[in-house]
Amino acid sequence: MSPTDWLSELDPAPPAELATAMRKALKNPTATPAAEELLEAAERLLERVLSTDCETRASALDLLTVDALVTHSLLVASTDSQAPADFAAHALARITAKWQ
């Protein structure tokens, strides 16, 4: 399933602009993303946002995209028997490290 299919299968599906931003953040937008890939995309985007004036409205979509990517990485990990049991704690530690 491609990211387009994966995102369109969500209920509710993300708004079109958010879905486009999520696909753009992924290194391989034609493959179904694993939890780790979604988390990595969120990290890359968060690093970019934090290096700018992220307290303006211009950063809103990027921040929402980071949130969506992290949320979906947790959802994917929760249904993946190969994902580490501590994936949520791992994700939280990696994302919060970006502020330090």
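So, burial to begin with: of the 100 residues in this protein chain, 35% count as buried. Keep in mind that we're looking at a predicted model. On overall size, a compact globule of 100 residues would have a radius of gyration near 13 Å, and this chain has 13 Å, which agrees. The C-alpha atoms fill a box of roughly 40 × 30 × 25 Å along the principal axes.

What's it built from? The chain has 5 helices and 0 strands. Take the contacts with a separation of 6 or more: 64% of them join residues 24 or more positions apart.

Okay, charges. We've got 8 positive and 15 negative side chains, and the centres of the two sets lie 7 Å apart. How many salt bridges turn up in the whole structure? The search finds 3.

Let's start with E36 and R94, whose closest N and O atoms are 2.4 Å apart. E36 lies in helix α3 and R94 in helix α5, so this pair ties together parts 58 residues apart in sequence. R94 also meets E43 in a salt bridge, again 2.4 Å from N to O. E43 is in helix α3 too, so here the parts tied together are 51 residues apart. That gives a network of salt bridges linking E36, E43 and R94. Buried or exposed? E43 counts as buried at 10% relative accessibility, while E36 is partly exposed at 29%.

Then there's D62 with R48, at 3.1 Å between the closest N and O atoms. D62 sits in helix α4 and R48 in helix α3, so that pair ties together parts 14 residues apart.

Conventions:
Residues numbered from 1 in each chain as written. Predicted model: local features only at pLDDT ≥ 70, side-chain atom pairs only at ≥ 80, totals over all residues. Heavy atoms only, no water. Helix = DSSP H or I, 4+ residues; strand = E, 2+ residues; numbered from the N terminus. Rg over C-alpha atoms; globule rule 2.2 N^0.38 Å. Buried < 20%, exposed > 50% of the residue type's maximum accessible area, 1.4 Å probe, protein only. Contact = heavy atoms within 4.5 Å. Lys, Arg positive; Asp, Glu negative; His and termini not counted. Charge placed at Lys NZ, Arg CZ, Asp CG, Glu CD. Salt bridge = Lys/Arg side-chain N within 4 Å of Asp/Glu carboxyl O.
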